[in-house]
Structure formats: structure tokens, C-alpha cells
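New notebook, new structure. I'll jot down what I look up as I go.

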Amino acid sequence: MALPLAFPRVVSIKRGETISDTLPDSVIHFRAVTRHFDDVIAVGGFSLSVAAGSFVALVGASGSGKSTLMKMVNGLEQPTTGQVMFAGEDVSTQPPAKLRRRIGYVFQSIGLFPHMNVAENIGIGPRLSGQRLSDGRVRELLELVELDADMASRMPDELSGGQRQRVGVARALANYPELLLMDEPFGALDPITRDALGGRVRELHDKFGLTTIMVTHDMAEALLLADRVLVMDAGLIVADETPAALLAGKGGEIAQGLVAVPRAQADKLARMEREGSRS
Amino acid sequence: MNGFWNALMGLGPQLSAHVLLSASAIALGILVALPLAVWASRSPPVARVTLGFASLVQTIPALALLALFFPILLSLRAVFGEGLPTLGFLPALLALALYALLPILRNAVTAQANLDPGVLEAADGVGMTKWQKLKLIEAPLSAPFIMAGIRTASVWTIGAATLATTIGQPSLGDPIFAGLQTQNWVLVLAGCFASAGLALITDALLGLIERGMASRKRGLAIGGMAAVALGIAAALFAQFGGGERDRILIGAKGFSEQYVLARLIGQRLKAKGYAVEYRDGLGSAVAHSAVSSGDIDLLVDYTGTIWANQMKRSDNPAREQMYAEISEWEQQTSGTKVLGRMGFENAYGLAVRRDVADARNLNSIADLANIAPQLTIGGDPEFFERPEWIAVRDAYGLRFGQNRNFAPTFMYNALRSGEADAISAYTSDGRIAADNLVVLDDPAGAFPNYDAILLVSPDRAEDAALLSALTPVIDTIDVDAMREANYAVDRDTDKLTPDEAARMLATRVGL
């Protein structure tokens, strides 16, 4: 039982668990999870581990079950059958509020609290556990998402969409999370902001050694940011590859269908550029 | 104009009572509506049931809702004991709070339903417990909408609280009802003006709070709240600040004679150093229950009324025997003391205009019976439900073409204008002589005797000082004196207030 603990996370092994379930480098483990909404099967029953420190993209069409799968980790969705383990514990056995305070959550509609200013929005997580964010820490978090410190006193309705989502990311990071969950985080942003913020989030992921799961329908975004891409279709995982492997043609028909779109666009742009320079 | 300002300035006690009643009812409404709204926002069936119930309550006329609490509280005495008040503040509070429920509940539920789902998801996502989510997100974001509901409820409640007068709770309805009964329009106007003014001021202050909440200007909201709190505190001080003295509550049913006699007794007691309050405009049944349950201390009632309505007797004994039996019955059933007769009788009688009586050759009710199908009879709102009417109707076989209800004062106008051909007149009414009316004979003796008698509530029945202060008014007022005083209040010009008429009456009978 003397496993080399490569990561400084405490892993307890409970009776009835196999060692592979609790491999020290897997921070999340889905065990035979399904999720049914009446007759509709959103998640069709599979097991899956996410290694600590990895940046995983969940890609698929609308209704493929990717959001549902991710939200089972922070208890916004419950599996119909099966178990979700986070840091060695079954998430269903923990009080949801406590669990979520350890997990950063960023989503498309952002959900800044309209009656609180930027600093209060960022400080909400620590406030819930009875702490107050110092002005210095607020400044630091704003800096991390490339916002001016004087934004702290602004109200959400005074910000642009991109600025709001930057505040959303800062809010998710305020509690020093072990895990960052992002549900179409950049879906509503203009392409330039989207690119800049995406890159910034990846930098922060590396800087803080986060584990990140990002749900997106945009394969290009997944390929550019993630180091592992899971493709979902009709509640099942149909591909589990690195970006390089996907670009090399692996992962099957559905995954390749999704890869083909940005690739064709890139080829076309490259061709236009060549033809333009020729003329 | 002078009279109007005087009437308005005299409304201090009613205004403070009105403010306290309305504020308590709204506070209770909020206290009940907000938790219900939270529950309803988490459970659609609860939302359906609570909103359905609150809407149903709204469809009940406010007056009926107020009146309904009397029997409800009366039956609850079985649980809470005899000390439970059935008239006055408690039923008014409960009825008005029920009335205030709907706008608050509906706005709160709507506000919750319209909260941005993204904000709610974020609240869960950052790890709020249910309580934190309610306190930090749902409540502050719903507050301006809930405040708008409270505003609506407040304006409704302040308006409806004027009706509390009818169940013995002082309010700005006192001058309105008293003025309506005595056709004193200045008094009605003063009451309406005060109640509308109160509603407008409250609406403006609550609007200030609402705007402060919506625009997140804390100063504005707190300023508005402070102003409202100040108003309520002033009302509290006005109501209770003078130190609670021993107050005698004198009840009066909704017609001039009752107002005048209540004042006559009140003036005497004040002269003896008592603090006196009036509970005006009570319905006949409510008034009797109020005195026998101790909600009021004194009431002038009428032997025939008690005989037929409270004792449910249909026989018609001689005057002395009826009086003795009533005294005995009051003593036995509730301990209410019949102190004595006032000295006059105010019987029901059927009256017609003299020209009609002459033309149709009418002398008695029996004569009327022959032509009744061609005629319209007018009665006060209680008359056609009263056993006395049923007895008379059956004794003479009366079948009128049409029965119409009028407020007592308007009954005489209706007779004059020909809208009614015969009315249920009161024999002590000054307008019988003034309007040249004929009260038809009752050869069958179907109407009982209606001696005015003074009732003392069970709590005061042994109060020797009070009884000795009251005794001088017993057997002093003859029917002519009473008619004169009634007419002074009821006539269309040169009207006296009940207070003035009572002084005139006291002088005339030598009190």
C-alpha cells in the first residue's frame, strides 16, 4: 500500500475501492455515472479519471451531456447512478456549499451579483466562510485577470462583457481553488477578448498548478488551450485524446468531424493569404 | 370651512388609532407574506395555494371580512378563553392583515420568479448555503419589488381601515360613519380627507424607500424608514403616552339617537372625572354582543330588539313583564346589568306621508295590507331580516310590491321623494313630525315594546361609583325631548353635532 505520493494531496483509500480509483494523480474520478432527465439520457454511464494539474476540454454539440457531466463535480447536478469522487471523497457525501467553496466556477452567463461592486463580487467566496479579502488581495486578483485596480469600486453594469467575465474568473480564483470548472466561459465574448482571456486563463492554470475542466462547443478553443480533449456525443465519450493526437487524425469520426471545421477554416485562410501574396 | 378645519383638528385620537391599526396590520401582513413567499418560490404547489387563497380573500368585501372575524373569534374563545377580544383592535388587525397579504405575497413571488437565473447559478456556484443565498442575493434583489407590494398593501389597508369603525375599533372611519348617519357632510369630508392624506403621505414615504432600494441609495431608504418609524412612534405616544387611565367605552349603533345618548352619558362621566371613548356605528347584533362580552362598557339598547333578536322570543308580553324578563335574562346569560329605562320608547312603526295617508285613507297597518302590492316599502339595512318585521308581516299578511334598503337617514328622503311609499320609521325620530308623517296604528300589537334601556357590561356591573354616576340619567328623557334632539342632528340645515345635541338635551331634561 506504500504508494509514492507524487502530489501533495492527501488521498485516503476507503474499503471497497480499488487502488486505480484513487491513484494519487487523479483528482477527479467518475465511477459508472449516468444522469437521466425523465426519458432523456444526458450522461450514459462510464468511468473516467482526471489527473491533477491537467487542463481538460469537454467538447461536443449542444445536448451531448458535457455540461451535465462537469456540473456533477461541484454538485450542481447529481448522478442518477454511479459516483463522482473529488480529492478522494464522494461529492454526494459532502455539504454542497462547502464543496463548492473549494472549486472555482466560471460560466457563460457570468452571474456577477448586480447589487455588489467588483471587489465585493470577487470577495464573495471568502466572505461566505467568514473572511474578508484585503484590498491588496483584490488588487492582486484584478491584476491576474488584467484589470485596473480602480475597477474594484465599479458596479457590474458599468463593465463591458469581457471585463465582467474577467471579474468572473477573478471571483473563481479568490478562494485558492484546487479545481477550476468552466462552462462555455468565453461563449458570449467577442473573438479578440475571447482569445486574450482564454490565453490568460491557461497561464493562470499553469502558474497555480490548477486542475481545470472546460466545457466548450468550440474545438479550436479546446485544441489551443487544453492538454486533453474529451469529445462527447449523446451522453457518451467518443474520443479521449491529446490535441496533437486529434490533429494527427485520431479519435474517430465524430471527433474528426469537429476538428475538420477549424482545420478547413485555417487552410482556407492560409490559401487566401498565399493567393493574396501572389497577386 | 371653519367647521371643516375644526372637525379635522379634532381627529387626533382617531388618526393615531388609524395609524397604529394600519401599521400593525401591514407589519403582520409582511411577517406572514415573506416566509410564505420564500416557501412559494421553492414549491410551485405552495405558490398556487397561497396566491389562490390570498386572491380569494381579496374578493371578500372588506366590510364583510371585518364582520366575519366577530363570529370566528367568538368561537375561538372555546380555545383561548373568555379573555379573547371579539371586537375592536384584534379582529380589525386580523382582517386587514389578511387583506394586505395579497399584494405583498404576489410581488414577492413575482420578484423571486424574475431573478436572473445566471445570478442564482453563480450564488450556488460560489458555495452559498440556502440561507446565505436568500440573505445575500434573493432578498436584496427582490427588495424593491417587495417594497412596491408593501406600498400597494399600505394604501389599501389605510383605506379599508376606515371600515374598522363598524366593529368597534376607533379609526378615521368614525367621522365618516358618524357623518353619514347624521348627514353631517363636513364630518364625512374631514374623515375622508384625513384618511386620503394619510394614504398619500405613506405612499410617498414608502416610495422613497423603494427608490432608495432600487437605486442602492442607502440614505434615501433609511431616511424613508426613519420618517415612517417617526410617524408610528408619534401615533404610539399619542395613543398611550398620556398614561393609561380608566377608560369607559360607550357604544353607539349607527343612528343619531344612539350618538346623542352616548354623548349625553359620556359628558356626564367626563364631568365626574372619567376618561371616555366612544365606539360608534356598531351594528345592532354586534353592539349587544360587545356590551355583554365587555368589549364596550355601556350601551343604550331597546327592549323589543333584545326580546326578538337576542332572546329569540316571538310572544309579545306587557311592558313591565318584558322588562323584568330581559333584566333576568341578561343577568343569567352574561352578567350584563340592565341599569334602567332611559324614559322614552323608540319603537319601530310603519310610517307614510300624510298626503298619501289621506288619499288612500290609511289609519292602521291593516289598511296598508290591502294596497301593499302596489307599494314600495323602505327599511333600514337590518329591518327586513329582523324578527319584528317578520312578525308584523305575518300578522297583517303584508306583501309589498318591492322591499328596499336605505341607510336610516336616507329612508326619510326616499319617502319624501316617493322612492318609497312606506318606511320602517322610529317613533322617537324628530323627522316624523318635521316631515308631517303618519305612523300607522298597530291594532294587532305585532310590534313589541321598544323602551330604551341602559346596559352595563358584566365587568362594570358591580362598579358602584360608575353606577351612581349613571343613575341620574335613568328615567329622565321623554320622547318629545329625544325627538327634538334627534331632529337637531338629522335636519338638513342648521345641524347640531351629536355632542351639541346631547348638551341641549341635557339642559332640556334638567341634567
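Where in α5(B) does a kink lie, and shortly before which proline? I found the kink at L101(B), shortly before P103(B), and it comes to about 30°. The bend at a residue is taken as the angle between axes fitted to the seven residues ending there and the seven starting there.

Ground rules next. This is a predicted model, in which local features need pLDDT of at least 70 and side-chain atom pairs count only at pLDDT 80 or more, while totals for chains, interfaces and linings use all residues. Residues are numbered from 1 along each chain as its sequence is written, and chains are lettered from A and ligands numbered from 1 in the order in which they are written. Helices (H or I, at least four residues) and strands (E, at least two) are DSSP runs, numbered from the N terminus.

**Chain B, helix α5**

I checked the length of α5(B), residues 89-113. Its 25 residues should span 36 Å at 1.5 Å a residue, and the end C-alpha atoms are 36 Å apart, which agrees. The expected span is 1.5 Å times one less than the number of residues. I also looked at burial: 20 of the 25 residues are buried, so α5(B) is largely enclosed by the rest of the structure. Buried means 20 or more other C-beta atoms within 10 Å of a residue's own, exposed means 12 or fewer, and partly exposed is in between, with C-beta atoms placed from the backbone.

**Chain B, overall**

I read off 22 helices and ten strands for chain B. Its C-alpha trace spans about 90 × 55 × 50 Å along its principal axes. Of its 511 residues, 49% count as buried.

**Chain B, β1 to β2**

Strand β1(B), residues 247-253, is mostly covered, with six of its seven residues buried. It pairs in the parallel sense with β2(B), residues 275-282, over six bridges. Pairing here takes at least two DSSP bridges between two strands. I noted one bridge: K253(B) has L282(B) as its partner in β2(B). With helix α11(B), residues 256-271, the two strands make a right-handed β-α-β unit. Right-handed means that, with the strands pointing away from the viewer, the path from the first strand over the helix to the second runs clockwise.

**Where the chains meet**

I found 15 residues of chain B in contact with 18 residues of chain A. Contact means C-beta atoms, placed from the backbone, within 7 Å. On chain B's side, α6 (117-125) and α7 (130-160) are the elements giving two or more residues. α6(B) gives the most, with six residues.

**Chain A, the sheet**

Six strands of chain A form an open sheet of mixed pairing, in the order β6-β7-β8-β3-β9-β10. β6(A) (103-107) and β10(A) (236-241) stand at the edges with a single partner strand each, so one side of each has no neighbour in the sheet. The twist averages 15° from one strand to the next. Angles run from 0 to 180 degrees between N-to-C directions, using lines fitted to C-alpha atoms, for helices over the stretch in contact. β9(A), residues 228-233, runs antiparallel to β10(A), and five bridges join them. In β10(A), D240(A) is the bridge partner of L230(A).

**Chain A, positive phi**

E146(A), phi near 60°, lies in the loop between α5 (135-144) and α6 of chain A. Y176(A), phi near 50°, is in the loop between α6 and β7 of chain A.

Technical notes:
Two residues are in contact if their C-beta atoms, placed from the backbone, lie within 7 Å.
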